[in-house]
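Dear colleague,

I am handing over the structure below, and after it I set out what was found in it. Please read the notes with the coordinates open beside them.

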Amino acid sequence: MKNKNDWKLDLLSKIDDEIIERNTQKRCLRLKKLALRRRVQRITGVSAAAGLLLVCGVIFVLFSLFSKQVPVYLGMTISSAESQVGMSTEHTVTPLSAPISYAVQTFAHGEEHQPKPPHGDVAGVPAHKNENLDDAGKNAEDAAGNTLQVSGSGADIYYAKPNEDIYITIHIDNPDSFEILSFTLNGKKYSSYMFEEGSDMENLILKVNVGDAEGVVEYTIDAIKYVDGTAIKDVRMEGDKTVRAGVATDRQPAAVLFGERVDFFNVSFNVSITDSLDLIAKSQGKLYAMIYDGENVLAINEISPSEISNVSFDGLMPNTTYQYAVGAYYDKLDGTGMGLYVLNVKTFTTKAPVLFENLQISTTQVNFEFLWDQAFANKQISALTLYRGEEKVADVDPDATSLTDLLSNTAYTLVAEYRDGNNTSRLISMEFATAAKAIPSLVLTSKDVTQTSFGFDAKVLDVDAVGSITAIELLHGNDAPVPAASLDVRSFDGLLSNNDYTVRVTYTYDLNDGTGAHTIVKDLTVKTLAKATPSL
């Protein structure tokens, strides 16, 4: 018995092929019409959407053209009474410098920084000290100012005097000229009748007295109201809401230095800053600790102004005088703008592993000893050299404690070399000058004068025995000088009576100071006695 599927197969096999073909063509045509209808519908939808957007855009533009713009707050400026007259928007401000970038001279540690004897930065007795190391720190301030390079610009500030009237101008973008009703400044409400003459809908001028305030005075604006018909609305706030005035003050930042610890090659100390008016912070300033050798700022460390800072500097030379200082780069509110100012400065001398001591100096000799620091381990002099100016005089036995046969009245430098704990060669120096020998003096006096002779005394004062009489001559008129028979001659005879004679004595001496021989020439004029005239 056939099932339902078998009956369907038999029925389909008996259908004419032409009938199937015609039905297939009709179905295809129907599908094409349906696809075309759907394409037309999509195009129509897109066109309708585009038209709708165009209509909305036109409506939005028309709405914008015919609607009013909400006023916008742009910012404030401060001006003086002089600049305010006749110009409602005139303002004078002085820019502060922004946080600074700086380049610091570095100084090396190690042997390449050692002094070149005898005129390098040698440590000795007394300690090496540059004459620019004054206690006021002004030279350190100048040197640090040259080391720091300032760049950039920061906030604006107006410089005012105590109890000065200033004019604050509030700038508003108000193209539709809405009436500005009021605003709040530092918590106080100001209405339109309180505005100064010259105010308009976009520049609201308010006179304010700074009073007895000092330091940076801030004025903050809020809640600007305007009238739109019968409604009171808020101005949109987009500008900086605070403007500042700097009032001159004597209460400047100060620094306290304490807890100093000095070693052979380093120093450390604590810094406490007092800045009751926050002048450093409000001017976006910086605080620095620096070390100065009298010529250059060797290093600069930035420190915090809000807490006690511990500062240390390493790589120093032993037995050398330095200064450390604390400087602030800020605005003093005196009208000069940003500057670097030394708040405190202290002079110190690094410890010395070894020093010369017990100097005993004569005209040709010096005696000395070495004083070692007990904390220093390697107590040994490895070399000893004597200099006179730039000239090396001699290498001396390192164990010597005396130098002889020196020139008198002459400056010397004795340089000793030792090695520190790292086996690095270090130098100390002792500058000394031998005593000067006394310059001799010569005095001539006459005696035993007769008609044909006279005698003389040559009194010599030569405490250091540096010279002797080298010539005695007799002079008469235009005659050639007659040398004495010997340097022991102290009288002349066979002379003419009633005539002037001159005895000339030359004394030659050498002070052993490297300048050679010197002479003293003294003349003594004597008149022989006249003979009696005969009478008849």
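**Salt bridges**

The structure holds 13 salt bridges, a salt bridge being a side-chain nitrogen of Lys or Arg within 4 Å of a carboxyl oxygen of Asp or Glu. This is a predicted model, in which local features need pLDDT of at least 70 and side-chain atom pairs count only at pLDDT 80 or more, while totals for chains, interfaces and linings use all residues. Residues are numbered from 1 along each chain as its sequence is written, and side-chain values use heavy atoms, with hydrogens and water left out.

One of the salt bridges joins K241 to D222, with 3.5 Å between the closest N and O atoms. This pair links distant parts of the chain, since K241 lies in the loop between β11 (236-237) and β12 (242-247) and D222 in strand β9 (residues 215-228), 19 residues apart; strands here are DSSP runs (E, at least two residues), numbered from the N terminus. K241 has a relative accessible area of 32% and is therefore partly exposed, and D222, at 39%, also counts as partly exposed; the classes are buried under 20% relative accessible area, exposed over 50% and partly exposed in between, with a 1.4 Å probe and protein chains only.

A salt bridge also forms between the side chains of K233 and D228, at 2.9 Å from N to O. K233 is partly exposed at 35%, as is D228 at 22%.

The side chains of D457 and K447 meet in a further salt bridge, at 3.2 Å from N to O, which connects strand β28 (residues 454-461), where D457 lies, with strand β27 (residues 441-447), where K447 lies, ten residues apart. D457 is partly exposed at 36% relative accessibility, and K447 is partly exposed with a relative accessible area of 36%.

**Aromatic pairs and charges over rings**

There are 19 aromatic pairs in the structure, where rings of Phe, Tyr and Trp (its six-membered ring) pair if their centres lie within 6.5 Å, and planes under 30 degrees apart count as stacked, over 60 as edge-to-face and the rest as tilted. Y322 and F348 form a stacked pair, because their ring centres are 5.9 Å apart and their planes stand at 25°. Y322 belongs to strand β18 (residues 321-331) and F348 to strand β19 (residues 338-349), so that the pair links distant parts of the chain, 26 residues apart. Y322 is buried at 5% relative accessibility, and F348 is buried with a relative accessible area of 5%.

F376 sits in the loop between β21 (366-372) and β22 (381-388) and Y418 in strand β25 (residues 411-419), so the pair ties together parts that are 42 residues apart in sequence.

The charged end of K351 sits over the ring of F264, 5.0 Å from its centre, the criterion being NZ of Lys or CZ of Arg within 6 Å of the ring centre and within 35 degrees of the ring normal. K332 likewise lies over the face of Y341, at 4.7 Å from the ring centre.

**A three-stranded sheet**

An open sheet of three strands has the order β13-β14-β17 with antiparallel pairing, two strands being paired if DSSP finds at least two bridges between them. Its edge strands, each pairing on one side only, are β13 (254-262) and β17 (309-313). Seven bridges join β13 to the antiparallel strand β14 (residues 267-274), and V262 has V267 in β14 as its bridge partner.

Definitions and conventions. Helices (H or I, at least four residues) and strands (E, at least two) are DSSP runs, numbered from the N terminus.
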